Amino acid sequence: MSATVYFSRTITPEKVLEMYRLAGRELTGKVAVKVHSGEEGNQNFLTPAFWKPMVDAVNGTIVECNTAYEGARNTTGKHRALMEKHGWVKNFPVDLLDAEGPDMELPIPDGKRIKKDFVGKNMANYDSMLVLSHFKGHPMGGYGGALKQLSIGCASSYGKAYIHGAGEPEKLWTADHDSFLESMADAASAVAGYFEGKIVYVNVMKNMSVDCDCCAVAEDPCMKDIGILVSLDPVAIDQACLDLVYASDDPGRDHLIERIESRHGVHTIEAAEALGLGSREYTLKEID
């Protein structure tokens, strides 16, 4: 069944909130708002000021998890300090979901590569989730969007290694690449299923570098901003973003496409659709 993806070429904090409301799903109870906190030194991540009207409107709590690699976010202490430096703590309630163990395990009975997902145990404290994604390239996944936020983004530090290693965390950087992408799809399905019917996705195509916000040294954006997309379907919204990149006449698009294709980025979307997480077929409704 075709999904609906709402799209606007206007990129402002206020437009994010307007677009969210078009999705037609009110997030109730205690709302977890998944963002990318931005690695130390990264210049491209979307700031607390940009997200503030949206987060305030749902009375949300910013949630993040620690990383599985060296940097400024791989321990709770360092990550909290960085989120304070980047302005998250000043503007919102902030919860590092895996600040303390043990992790929460989500079953993935139909997973192709992994049968369980390890997320921060504090996820159990939330009733619904708003997934705010900065669409851009990624050194390993090819691109980062809603599916990456659901999977790697919501995974605990151990869970990130488990996904990267396709179930063998010791193979964090050496697992078969397509198996890693399929593991991301598996993990994304676990979180989407946990909040089924109580989750909304926002992708913002701004500051589009070939590198992720997790990179301390990232390339500057390689193409002009495209817009804001909102959907109830994480597969459709990521597919729509890819399609907008391919359709662009911006001279920098080829650089981003090379990053996506060289990492077989579309395979995460393919695998997620095969799991029944969403549809690559969608109707794009453009809003002024």
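Predicted model: local features only at pLDDT ≥ 70, side-chain atom pairs only at ≥ 80, totals over all residues.

Reader: Which residues line the largest cavity, and how do they divide by class?

Author: The largest cavity, with a volume of about 50 Å³, is lined by H36, S133, H134, K136, G144, G145, K148 and Q149. Because Lys counts as charged and Gly is placed among the polar residues, the lining comes out as six polar and two charged residues, with no nonpolar one. Two or more residues of this lining come from each of the elements β7 and α5.

Reader: Why are α5 and α7 called roughly perpendicular?

Author: Helix α5 (residues 146–153) and helix α7 (residues 177–194) pack at an angle of about 85 degrees, their axes being 7 Å apart. Angles of 65 to 115 degrees count as roughly perpendicular, and α5 and α7 are therefore described in that way. On the α5 side the contact is made by L147, L150, S151 and I152, and on the α7 side by F180, M184, A187, A188, V191 and A192. By class, the residues of this contact are nine nonpolar, one polar and no charged.

Reader: Why are β4 and β12 said to stand at the edges of the sheet?

Author: The open sheet has eight strands in the order β4-β3-β2-β7-β10-β11-β1-β12, with mixed pairing. Both β4 (94–96) and β12 (282–287) have a single partner strand, so one side of each is left without a neighbour in the sheet. From one strand to the next, the twist averages 25 degrees.

Reader: How do you know that β3 pairs with β4?

Author: Two strands pair if there are at least two bridges between them, and three bridges join strand β3 (residues 61–64) to β4, the two running parallel. In this part of the sheet, I62 stands opposite V94 in β4.

Reader: Which strands does helix α2 lie across, and at what angle to β7 does it run?

Author: Helix α2 (residues 48–57) lies across β2 (31–34), β3, β7 (128–134) and β10 (199–205), and its angle to β7 is about 160 degrees.

Technical notes
Residues numbered from 1 in each chain as written. Heavy atoms only, no water. Axes fitted to C-alpha atoms, helices over the stretch in contact; angles between N-to-C directions. Helix = DSSP H or I, 4+ residues; strand = E, 2+ residues; numbered from the N terminus. Parallel < 35°, antiparallel > 145°, perpendicular 65-115°, else oblique. Contact = heavy atoms within 4.5 Å. 1 Å grid on protein atoms, 1.4 Å probe; cavity = no way out; pocket = protein on both sides within 12 Å on 5 of 7 lines; lining within 4 Å. Points joined across faces, edges and corners; volume = space filled by probe spheres on them.
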